[in-house]
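Please read them beside the coordinates.

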Number of protein chains: 2
Amino acid sequence: MYSLSEENYLKAIYHLSNHGQDSVNTNAIAEEMKTAPASVSDMIRKLSKKKLVDYQKYRGVNISTKGKDIALKVIRKHRLWEVFLVEKLNFHWDEVHEIAEQLEHIQSPVLISKLDEFLDFPKHDPHGDPIPDDDGNFATVKKEPLSEIEEGKSCKVVAVNDSNSAFLKYLDKVGISIGTSIHINERIEFDGSMEITLNKEKSLTISQIAAQNLLVTTA
Amino acid sequence: MYSLSEENYLKAIYHLSNHGQDSVNTNAIAEEMKTAPASVSDMIRKLSKKKLVDYQKYRGVNISTKGKDIALKVIRKHRLWEVFLVEKLNFHWDEVHEIAEQLEHIQSPVLISKLDEFLDFPKHDPHGDPIPDDDGNFATVKKEPLSEIEEGKSCKVVAVNDSNSAFLKYLDKVGISIGTSIHINERIEFDGSMEITLNKEKSLTISQIAAQNLLVTTA
DNA sequence: TATACTTTTTAGATATGGCTAAAAAAAACA
DNA sequence: TGTTTTTTTTAGCCATATCTAAAAAGTATA
Ligand SMILES: [Mn+2]
Ligand SMILES: [Mn+2]
Ligand SMILES: [Mn+2]
Ligand SMILES: [Mn+2]
């Protein structure tokens with residue numbers, strides 16, 4: 001139905017638009033897609049003609065309902081395949097993103113519904129991200145970067161940035177995974193790093209960069 | 001490494017060449033690929049430049065060792081995915097070919113070796129076709145079309161033509177599957193149809209077309 | 001508000017993979 | 001062995017998805 005490129009652009013625009021809320025700049029899309037801004041202009045015109053985005057020249061794009069539907073279907077496939085790769089094929093969570101980037105474009109609704117069933121209808125992917133259902137609905141947990149949590153508070157890791165394999169390897173090494181509880185012992189103002197305790201057992205210091213990529217819930 | 005189109009052409013050429021033995025005509029490739037002969041000429045020139053086929057104008061093509069390697073890797077992936085779809089996702093054997101045509105192009109050697117292991121190293125796909133190992137080797141069983149078997153002889157179904165879904169549905173209806181034993185009671189000269197008995201139980205008449213698409217062994 | 005800077009679009013390429021119609025070569029046949 | 005038919009290639013298109021360089025529009029600033 002839609003080309004691999006169109007699907008990737010819609011997914012990028014959806015992500016950048018904060019779940020479809022905000023309008024998105026050409027340069028931001030270009031950076032996300034690792035293409036030249038000129039290429040983005042061309043593709044936007046094409047997506048606009050197909051009513052997948054709303055577009056006025058020089059004004060950025062807003063993803064349409066139709067465009068959002070497509071993006072969410074691709075995201076659903078990506079995350080289901082990631083679950084398959086980790087749960088069934090014993091891949092590690094830092095190895096699955098690139099393969100899922102390919103698998104997410106396989107066209108077959110029945111394949112996805114059977115895969116969903118085979119995986120026992122998972123609600124989250126290996127990185128803690130929610131898996132939309134066939135209608136694009138998914139549970140939203142209020143999550144924020146660990147870097148935003150105040151000193152002395154506790155929280156729980158609910159999601160991580162899956163596209164950075166080095167980050168995931170680092171999390172393994174220090175013993176952080178989805179579900180780990182974290183207590184913030186101290187915030188170091190100087191460089192934004194934090195001294196934290198994991199599962200009331202092990203203490204360590206993590207950098208601001210790492211803290212910004214760890215999504216936690218305080219609920 | 002190689003494009004989806006290049007992989008599909010190599011697979012087609014490999015199939016038409018009788019496992020790499022014979023040279024293949026432009027028109028035959030065009031028919032197999034459902035493209036215009038002119039498009040085949042273009043692609044052949046490209047494959048030839050990459051040393052994936054040997055080619056002299058107007059003389060047809062021969063697949064090279066390198067080309068055969070690629071074709072066999074694609075075939076391996078196609079058949080492993082078909083096993084996955086049938087064994088794990090409960091697809092029926094007449095539903096998997098189109099999906100496998102997409103999945104066979106996913107690029108990740110480790111994915112395939114993990115899938116192979118997950119499926120417990122199958123040697124044949126759901127249609128009886130052998131699955132090449134990572135080096136392209138596979139067991140060859142001497143098989144011939146049922147239409148070639150003489151009256152009064154017995155044989156066993158070892159493979160079927162998986163790309164014809166209607167044929168597979170027909171086989172289900174009459175009760176023929178991989179492993180079914182067949183006795184040829186009578187060959188009708190007039191139209192090439194045959195009266196046969198399945199597993200020494202059920203007798204029926206099948207057309208010449210059907211008999212040509214059923215591959216059996218007499219060993 | 002005029003000028004400078006940034007962002008975005010357009011113009012004009014390239015590469016891939018497809019097409020039809022016409023030309024050329026090979027094969028069949030009379 | 002000519003002549004006709006078939007097969008294959010070439011010529012000249014089109015569409016998609018990229019790119020760089022230049023132009024245009026929008027934004028910021030003095
Ligand atoms: Mn991912
Ligand atoms: Mn993920
Ligand atoms: Mn198949
Ligand atoms: Mn098969």
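1. A polar side-chain atom of A:Ser39 is placed 2.3 Å from a phosphate oxygen of DNA strand D, a polar contact in the sense used here (a pair of N or O atoms within 3.5 Å; within protein, one must be able to donate a hydrogen and the other to accept it, and residues adjacent in sequence count only if both atoms are side-chain atoms).

2. The model is predicted: local features need pLDDT of at least 70, side-chain atom pairs count only at pLDDT 80 or more, and totals for chains, interfaces and linings use all residues. Residues are numbered from 1 along each chain as its sequence is written, chains are lettered from A and ligands numbered from 1 in the order in which they are written, and side-chain values use heavy atoms, with hydrogens and water left out.

3. DNA strand D is surrounded by 21 residues, the closest being A:Ser3, A:Ser39, A:Lys46, B:Tyr55 and B:Lys57; a residue is near a strand if one of its heavy atoms lies within 4 Å of it. Of the atoms of DNA strand D within 4 Å of the protein, 75% belong to sugar and phosphate. α3(A) makes the largest contribution to this surface, 5 residues, where helices (H or I, at least four residues) and strands (E, at least two) are DSSP runs numbered from the N terminus. By class, the surface near DNA strand D holds 9 nonpolar, 8 polar and 4 charged residues; Ala, Val, Leu, Ile, Met, Phe, Trp, Tyr, Cys and Pro count as nonpolar, Asp, Glu, Lys and Arg as charged, and the others, Gly among them, as polar.

4. Around DNA strand C there are 20 residues, of which A:Ser41, A:Tyr55, A:Lys57, B:Ser39 and B:Lys46 come nearest. Sugar and phosphate make up 77% of the atoms of DNA strand C within 4 Å of the protein. Phosphate oxygens of DNA strand C lie 2.4 Å from a side-chain N or O atom of A:Lys57 and 2.3 Å from a polar side-chain atom of B:Ser39. α3(B) gives the most to the surface near DNA strand C, with 5 residues.

5. Which parts of chain A meet chain B? The contact (heavy atoms within 4.5 Å) takes 19 residues from chain A and 19 residues from chain B. In chain A, A:Leu89, A:Gln102 and A:Lys114 lose the most area to chain B, together 31% of what that side buries. Helices α4 (65-88), α5 (97-103) and α6 (109-118) of chain A each supply at least two residues to that side, and α6(A) gives the most, with 5 residues.

6. The two chains bury about 1,600 Å² between them, 77% of it on carbon and sulfur atoms; buried area is the accessible area (1.4 Å probe) that two parts lose on being put together, summed over both. Across this interface the rule finds 0 salt bridges (a side-chain nitrogen of Lys or Arg within 4 Å of a carboxyl oxygen of Asp or Glu). There are 6 residue pairs in polar contact, both at pLDDT 80 or more.

7. In chain B, 6 strands form an open antiparallel sheet in the order β3-β8-β4-β5-β6-β7; two strands pair if DSSP finds at least two bridges between them. Its edge strands are β3 (144-145) and β7 (202-206), each pairing on one side only. B:Glu195 stands opposite B:Thr205 in β7(B).
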